[in-house]
Each structure stands twice: as C-alpha cells, then as structure tokens.
Amino acid sequence: MALLEVENLQTHFRAADGINRAVDGLNFHVNARETVAIVGESGCGKSVTAMSILRLIPEPPGKIAGAIRFDGRDLLTLSDREMRAIRGNEISMIFQEPMTSLNPVLTVGKQIGETLRLHQGMSSNQAEARAVEMLKLVGIPEPERRVREYPHQLSGGMRQRVMIAIALACNPKLLIADEPTTALDVTIQAQILDLMRDLKNTVGAAIVIITHDLGVVAEVAERVIVMYAGRKVEEAAVEKLFRNPRHPYTQGLLGSMPKLGSSLSGEETRLQEIPGLVPSLKRKIDGCVFASRCSYATDLCRTISPALEEKAEGHIAACHYAIKEAVAA
Amino acid sequence: MFAYVIRRILATIPVMAIVALFVFSLLYIAPGDPAAVIAGDQATPDDVERIRASLGLDRPYLVRFGAWVFDIIRGDLGVSIFTNLPVSLMIKQRIEPTLSLMLVTLILAISIAVPMGVVAAWKVGTWIDRAVMGFAVLGFSVPVFVVGYLLAYVFALQLDWLPVQGYTSISQGFGPWIENLILPAIALGSVYIALIARITRATMLEVLQQDYIRTARAKGAGQRSILFLHALKNAAVPIVTVIGIGIALLIGGAVVTESVFAIPGLGRLTVDAILRRDYPVIQGVILLFSFVYVLVNLGIDLLYTLFDPRIRY
C-alpha cells in the first residue's frame with residue numbers, strides 16, 4: 001500500500017463570478033521513501049494540491065472533496081484535532097518563501113521546538129536541546145548561538161535550512177516541499193536540494209516536491225507528475241519523462257528550458273514557448289484542457305476529453321495522439 | 001539601548017518646555033482677570049490692583065515665565081489663588097483617585113478589548129465580528145457621561161449591585177476600593193475599549209494573512225496558539241501604540257467621569273479650578289497630565305523592543 005493515495009481530489013473555490021476548479025479530479029500516489037515531483041506552470045493547481053493534503057485550504061471559500069489516504073486513513077474525514085496531530089508530525093511542509101515563512105518575533109529555537117513540544121510532549125529545555133541538534137543537522141554553523149537568534153538575523157538560505165529543521169524535527173513520514181528553492185540564489189538552491197536529499201535518507205521520509213523548475217525535478221525526483229489546469233496530464237519515472245515526453249504540454253515545458261552552453265555550440269538559441277494562456281478554471285472544459293494551446297489539437301481534442309492512459313510501461317498521459325507503445329500485460 | 005533611553009529622555013525636555021510655554025500663556029489668552037475674580041464683586045479698583053501686585057501679575061511676561069519655570073524645576077507649582085494652599089499639595093491630595101481610576105480603566109480596557117479584537121479578526125465576517133464592530137461604533141459615539149449615568153442608574157440604583165458614586169481609598173481595603181471604581185472604569189473605558197478593539201482587529205487581520213501563520217498551521221499549532229502567540233505578538237506594536245495615544249482619551253474622560261461619579265480626583269480639581277479661574281492649579285494639573293502622557297509614550301516606545309526583536313535602538 002502506498003504511503004499517500006490521492007483519489008479524485010477536487011479542490012474548488014467559490015468566487016464571486018463562479019466556482020474556481022483549482023484542482024479537478026486528481027489521482028496520484030506516493031510510496032514510502034519515494035520522491036515525487038509535481039510540476040506545472042503557475043496556476044496549474046500544484047500548490048493547492050499540496051495545501052489540500054494538509055487541509056490548509058481555508059474552508060470556505062475553499063472546498064476539498066475526494067479522498068486523501070495517508071497510512072490508510074482518509075485525512076478528509078479526520079477531525080480538526082486529529083488533523084493537527086498529523087501536521088508537522090507525520091506530514092510536514094516547507095514553503096516557497098523562507099524570508100516570510102518564519103515568524104519574525106520568535107527565536108529560531110522556539111520555532112523548531114514548537115513542533116517537538118506539541119507532538120512529542122517535550123519540555124522547553126528538551127525542545128531547545130533538540131533544536132540545537134536539528135540546526136547542526138541542517139548544517140547551520142554555531143547552532144548554540146543561532147538557536148537564540150531571530151529570523152531577521154539569518155540569510156535566506158539559512159532560513160530555508162531552519163524551515164527544513166522545523167519540518168524534519170518530528171521525523172515525518174512525508175515531507176511536502178512547495179517550491180523550496182525558488183526564492184533562493186542558484187548556488188544556495190543546490191545546497192538546499194542536496195540537504196533535502198541527504199536528510200530524506202536519514203529521516204526516511206517520502207517527499208512530494210512541487211516546482212516549476214525542471215532542473216530541480218531532474219536533480220531530486222524519482223517520479224514526476226505533470227499538472228495542467230488542475231488536472232494530471234502526464235506521469236512517469238523521471239528518466240522516461242525527460243527522454244520521451246508523451247504529452248504536448250510536457251514537450252512544451254521541456255522545450256522552454258534553456259540548455260547550458262547551447263549558444264557556444266552554435267545551436268539555435270531561441271527557446272520554445274507555449275503560446276497562449278492557461279484557460280479559465282471557472283468554465284467547464286469539455287475537451288482536452290490543453291487543446292486551446294496545443295499545436296496538434298484537432299476537433300476530437302476540442303470535444304472529447306482524453307483519458308489518462310498508460311502509453312508505455314509506467315508512463316501515463318492524457319492525450320489522444322500520444323504514441324502508445326505496446327505495454328506488457 | 002541605554003544611550004537611546006538617555007536620548008529619548010533628553011528629547012522630552014523641549015516637548016515639556018513647549019507645553020510649559022502654552023500652559024503659562026493660558027493666563028494671558030484666557031478672558032477674565034483673576035485678580036478681579038478673587039477680589040469679588042464688592043472690591044474697589046485699588047483692592048484689585050493690590051491683589052494683582054501680590055500675585056506678581058503686574059510684572060512683565062517673560063520675567064514671570066522665567067520665575068515660574070524656575071519654581072517648577074524646584075518642584076514648586078505655586079500657590080492656589082483660591083485656597084492659598086500649595087498646588088503640589090492639592091495635587092498630592094487628589095492624585096490617588098485619578099491614578100486608581102486610570103489604572104483600573106487601563107487594565108479593564110486592555111483585558112476586554114484585545115481578546116475582543118482578536119476574536120473579531122479570527123471570526124471575520126461572522127456575527128461575532130459584526131457584534132464587536134457594532135459595539136465599537138457604539139463605544140465611540142456615546143459620550144462618557146451618558147454611559148456613566150446609564151450604568152449608575154441600572155447597576156447602582158435599580159440592581160443595587162455597586163455604589164452609585166464616591167471613592168474609597170485603597171488603604172481601606174481592596175474590596176471597597178474596586179467596588180467604587182468598576183462603574184466609572186467601564187464608563188471611562190468604553191471609548192478606549194472601542195479604539196483598542198478596532199486596532200487589534202485591523203492589525204490581526206493583516207497579520208493572519210502572513211506566510212508565517214500558514215507555517216504555524218502546517219506545524220499543527222492550535223487555534224489559540226496561532227492567535228495569541230504567533231499572531232498577537234506580531235500585532236503588538238500598533239496595539240500598544242494606540243494604547244499609549246489613548247491615554248489622552250483617559251485623561252480627558254477622567255475629568256467628566258469624576259464629575260459623574262463624584263470622585264474627588266484631579267479631574268474634579270481641574271473643573272473646580274477652571275470655574276474659579278484658579279490659574280496656578282490649572283497650570284499645575286495640565287503640566288502634570290502632559291508629563292504623564294509624554295512619560296507613558298516614552299515607556300511604550302521602549303516596550304516595542306520587547307515585542308519585536310527587529311526594533312533595536
């Protein structure tokens with residue numbers, strides 16, 4: 001059984017002019033100790049998916065439906081109290097903005113210690129001692145001094161390390177990282193990714209990493225889910241997806257990624273773009289969600305929504321025209 | 001930090017000097033001749049002239065201002081024209097009821113208004129929020145004396161729960177002391193509660209949108225911890241600022257409240273002094289109130305560092 005099974009997840013927001021279907025019928029699973037990336041452009045529903053798993057979506061205006069089974073329990077049926085016991089303990093989360101995600105008026109030690117006191121019943125002294133250990137673990141020098149400092153005394157990279165320390169303090173089974181490196185310098189990004197990978201093995205957590213950066217995906221993920229307009233359009237192991245993307249949207253994403261040194265070797269340096277915009281999520285879309293931007297789209301695409309099909313072994317895509325290889329039965 | 005405190009204390013000197021100049025000039029700006037008032041209806045012009053000379057009212061403006069400031073620095077606020085008692089003594093006799101009233105009002109207002117504002121922000125848009133905001137508008141718009149008479153009528157005259165008026169010194173026990181102060185404190189505090197509740201709600205609404213609140217939720221923190229630890233500490237600076245500025249409301253309101261509830265405090269002293277054109281008393285009381293106000297706000301500036309570690313002096 002998978003650690004996390006998301007079934008027909010629908011996270012909708014009621015707005016003044018209709019219902020915004022931010023996530024519309026999403027299915028995926030994450031195995032224990034696995035790293036899964038969810039990619040897609042802004043507004044595709046990837047962050048909402050992450051927030052839905054922890055039920056951090058304000059309801060109303062939001063509404064989460066479907067099933068999110070974690071360790072066999074459907075999180076959507078738990079009481080608020082039961083949900084709080086899971087947050088920060090069994091499932092924890094790292095956010096995009098290390099500059100603003102830490103509380104500016106509490107010391108680093110207090111913020112790391114909070115989860116320990118909440119979930120493991122530690123005393124303040126025990127929690128602080130453990131906070132120092134956690135800071136050491138995430139590679140912050142002079143942890144005894146830093147533990148008494150406030151977030152504004154730390155750099156962006158250090159703050160994200162502190163966020164990781166908070167997230168991993170209770171040895172969670174699942175870590176959700178929502179764009180954990182987007183706001184950081186490139187050199188720091190690599191450090192943070194390395195740290196996450198190392199600690200994942202130490203702690204034994206599964207990771208769901210949400211990103212729009214395919215470089216990050218290639219670096220850390222084992223399996224990739226591509227989302228578009230609130231739906232999954234493709235899913236495959238990372239090598240398969242990069243080598244042989246089936247969905248035109250994934251192909252577009254990969255084509256829009258700059259290649260290092262391409263101008264030196266005299267290649268065409270112009271990046272491919274995906275024309276057009278993400279369709280409004282407020283209107284019900286009959287055909288393929290990507291049809292309006294797809295250069296291969298036909299009348300079939302515009303009228304009938306393509307089902308997610310296994311196009312090759314372990315490679316799923318939702319496209320009428322994606323080449324289907326013989327799948328071993 | 002220490003250097004900052006010294007600098008801030010020194011900076012209060014020019015403020016107090018300007019206040020002193022205004023207070024002193026009152027005598028010249030205000031209509032009516034104190035010498036004539038003291039002399040009474042039957043006095044001859046010679047009597048008035050004699051009294052004027054004995055009060056030193058015939059000397060030039062700047063000379064008198066200089067002498068007055070010099071006396072104040074030595075702690076001498078002058079002598080009441082009406083009672084012939086030193087102003088500092090009169091203030092000393094009247095200060096306890098006023099300080100008691102202000103202190104009780106302050107504690108009552110903060111302990112009611114802050115939770116009210118926090119809950120309103122948490123339950124924004126619900127009937128609880130609307131009730132708090134409605135109460136705040138009411139608190140702002142109903143004058144202190146109306147609230148005062150209403151409270152006295154209901155809780156003292158009709159229900160007979162609390163004394164109608166008067167004051168008992170704390171030296172005669174906490175019970176009688178607080179009994180006499182509850183109604184005046186509620187009357188005086190209603191505006192103050194409205195003000196603090198509104199600013200608390202507004203600031204909390206902003207803070208609750210911040211990313212670190214989402215982080216706290218993701219950590220599994222409970223609602224109370226999110227509101228009162230994570231959010232309120234971040235909202236504290238604007239709230240304590242308004243509490244400090246609102247001290248002026250308390251001072252003004254104390255004058256009215258003391259009249260309504262017959263509390264023999266500085267407010268009553270001020271009203272009586274104004275009616276008698278007892279200028280040394282008026283000046284002394286205004287100077288004292290200004291000094292308290294400046295001091296409280298200095299204290300609040302220093303309090304900022306307690307709530308927000310990013311503020312360093």
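This is a predicted model: local features need pLDDT of at least 70, side-chain atom pairs count only at pLDDT 80 or more; totals for chains, interfaces and linings use all residues.
**A residue in a helix**

Let's start with B:D71, which sits in helix α4 (residues 61-73) of chain B. Is B:D71 buried or exposed? B:D71 counts as exposed, because it has 12 C-beta neighbours inside 10 Å, and a residue with 12 or fewer falls in that class. Setting aside its neighbours within four places in sequence, B:D71 is in contact with B:D76 and B:G78.

Next, look at helix α5 (residues 87-122) and helix α12 (residues 279-307), both of chain B. Their axes are 10 Å apart, and the packing angle is about 55°. The two helices are therefore oblique to each other. The crossing of α5(B) past α12(B) is right-handed. You can find the residues that meet in this table:

| Helix | Residues that meet the other helix |
|---|---|
| α5(B) | B:V87, B:M90, B:I91 |
| α12(B) | B:P280, B:V281, B:G284, B:V285, B:L288 |

Sorted by class, the contact of α5(B) with α12(B) has seven nonpolar residues, one polar residue and no charged residues.

**Where the chains touch**

Finally, turn to the two chains: 19 residues of chain B are in contact with 24 residues of chain A. On the chain B side, α9 (211-218) and α10 (223-260) each supply at least two residues. Which helix gives the largest share of that side? The answer is α9(B), with seven residues. By class, the side of chain B that touches chain A has six nonpolar, six polar and seven charged residues.

Definitions and conventions. Residues are numbered from 1 along each chain as its sequence is written. Chains are lettered from A and ligands numbered from 1 in the order in which they are written. Helices (H or I, at least four residues) and strands (E, at least two) are DSSP runs, numbered from the N terminus. A residue is buried if 20 or more other C-beta atoms lie within 10 Å of its own, exposed if 12 or fewer, and partly exposed in between; C-beta atoms are placed from the backbone. Two residues are in contact if their C-beta atoms, placed from the backbone, lie within 7 Å. Axes are lines fitted to C-alpha atoms, for helices over the stretch in contact, and angles run from 0 to 180 degrees between N-to-C directions. Angles under 35 degrees count as roughly parallel, over 145 as roughly antiparallel, 65 to 115 as roughly perpendicular and the rest as oblique. A crossing is left-handed if the near helix is turned anticlockwise from the far one by less than a right angle, and right-handed if clockwise. Ala, Val, Leu, Ile, Met, Phe, Trp, Tyr, Cys and Pro count as nonpolar, Asp, Glu, Lys and Arg as charged, and the others, Gly among them, as polar.
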